Amino acid sequence: MPCRLPRGPAAALLALLCLGLLSVRFHSSLSPRGAQEHPGLSAPSPQPRGLQLQDVFIAVKTTRAFHRSRLDLLLDTWVSRTKQQVTRSHLVVTNCSAEHSHLALSCKMAAEFDAFLASRLRWFCHVDDDNYVNPRALLQLLKALPQGRDVYVGKPSLNRPIHTSEPQPHNRTRLVQFWFATGGAGFCINRKLASKMAPWASGSRFVDTSALIRLPDDCTVGYIIECKLGGRLQPSPLFHSHLETLQLLGAAQLLEQVTLSYGVFEGKVNVIKLPGPFSPEEDPSRFRSLHCLLYPDTPWCPQLAAR
């Protein structure tokens, strides 16, 4: 089903683009009746199915101010390549504040997390509305991770763990440290781990946990996983936010990245470096040019001279 955004004031504050909301069920090649007719034969046990894109839940966090400028771009580019996996698309009005505050961000993350828990999908991936997601690279990464273990994968925004004070009984605190994956680059958590996070992350608990440690949503995710559950972030260099120098990525490397971004960093426009096919004026984010590099068969992509 194509995803379309409302254009009026009722536009959702949070866009959840859910890839493959309907779970795939295995069916025996022998019916129960057939098995009775041949008592010597039993229905073969279903073999575990390899991870597919429809097993991944991707949440895109946004706000009303960016629906036209950012989400339309995503719908035209990477989201358009997931049509076969998108069985239902959701625009969720969260009643969260549109401010860029700890409370507002945690409120939206809580809505994303609850929507994933309500699904039957195997992976939860969070991205922002200024991220380009390469579905093929994402699937390749997730397939390479240990499926039977707790997995939290993303890019740390710092080169050291973050420290915070954790309230304790009798008006005491203790200093804790943990790694977290920056939300601006995106991160993924498998269902096995997400289910264990529920006592601190489901419903209103996520906002409460965030307020307890006085840190934003992506830090709160890392706190729950590392401090409450004893898990560990698995760092990956394949996730990228606009808070890093994106021009350092070569054209060949772009094909392998899971997420990319655009924006302003240290007072300068920060985008990936691509010669075309669109000019910077036509494509200031460079997402359309990237999309044509990945998918040259896209109808609106100019014919590349090299092809």
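1. Let's start with the overall make-up: the chain has nine helices and 13 strands. Both kinds of element are DSSP runs numbered from the N terminus, with helices (H or I) needing at least four residues and strands (E) at least two. Keep in mind that this is a predicted model, where local features need pLDDT of at least 70, side-chain atom pairs count only at pLDDT 80 or more, and totals for chains, interfaces and linings use all residues. Residues are numbered from 1 along each chain as its sequence is written, and side-chain values use heavy atoms, with hydrogens and water left out.

2. Next, the chain as a whole. Of its 307 residues, 48% count as buried. Here buried means under 20% relative accessible area, exposed means over 50%, and partly exposed is in between (1.4 Å probe, protein chains only). The accessible surface comes to about 15800 Å², and 55% of that belongs to carbon and sulfur atoms. Those areas come from the Shrake-Rupley method with a 1.4 Å probe, and for residues only the protein chains shown count as cover. If you take the contacts (heavy atoms within 4.5 Å) between residues at least 6 apart in sequence, 71% of them join residues at least 24 apart.

3. Have a look at strand β4 (residues 123-128). How many of the six residues of β4 are buried? Six of the six are, so β4 is largely enclosed by the rest of the structure. W123, C125 and V127 point one way from the strand, while F124, H126 and D128 point the other way.

4. Who are the partners of β4? Two strands pair if DSSP finds at least two bridges between them. Strand β2 (residues 56-61) pairs with β4 in the parallel sense over six bridges, and K61 stands opposite D128. Strand β9 is joined to β4 by four bridges, and these two run antiparallel. In that pairing, H126 stands opposite F187 and F124 stands opposite I189.

5. Strand β9 (residues 187-190) also has its residues buried: F187 and I189 point one way, C188 and N190 the other way, and all are buried. Strand β6 (residues 152-154) pairs with β9 too, in the antiparallel sense over three bridges. There, Y152 stands opposite I189.

6. Now for some helix packing. The axes of α5 (residues 191-201) and α7 (residues 217-228) come within 10 Å and cross at roughly 105°. That makes α5 roughly perpendicular to α7. For the wording: angles under 35 degrees count as roughly parallel, over 145 as roughly antiparallel, 65 to 115 as roughly perpendicular and the rest as oblique. The axes are lines fitted to C-alpha atoms, for helices over the stretch in contact, and angles run from 0 to 180 degrees between N-to-C directions.

7. Which residues in α5 meet α7? L193, M197, W200 and A201 do, and they touch V221, I224, I225 and K228 in α7. The residues of this contact divide into seven nonpolar, no polar and one charged. (Ala, Val, Leu, Ile, Met, Phe, Trp, Tyr, Cys and Pro count as nonpolar, Asp, Glu, Lys and Arg as charged, and the others, Gly among them, as polar.) Buried residues in α5 include L193, M197 and A201.

8. Helix α6 (residues 205-213) packs on α7 as well, at an angle of about 95° with the axes 9 Å apart. These two are therefore roughly perpendicular to each other. F206, T209, S210 and I213 in α6 meet D217, T220, V221, Y223 and I224 in α7. By class, this contact has five nonpolar, three polar and one charged residues.

9. A few backbone spots deserve a second look. Most residues other than glycine have a negative phi, and most peptide bonds are trans. H170, in the loop between β7 (162-168) and β8 (172-178), has a positive phi of about 60° although it is not a glycine. R214, in the loop between α6 and α7, has phi near 55°. H170 is exposed, with a relative accessible area of 75%, and R214 is exposed at 56%. The peptide bond from G276 to P277 is cis, with omega near 10°, and P277 sits in the loop between β13 (268-270) and α9.

10. Last, helix α9 (residues 287-294) is mostly covered: six of its eight residues are buried, L290 among them. A251 and L290 are 39 residues apart in sequence but 9.1 Å apart in space, C-alpha to C-alpha.
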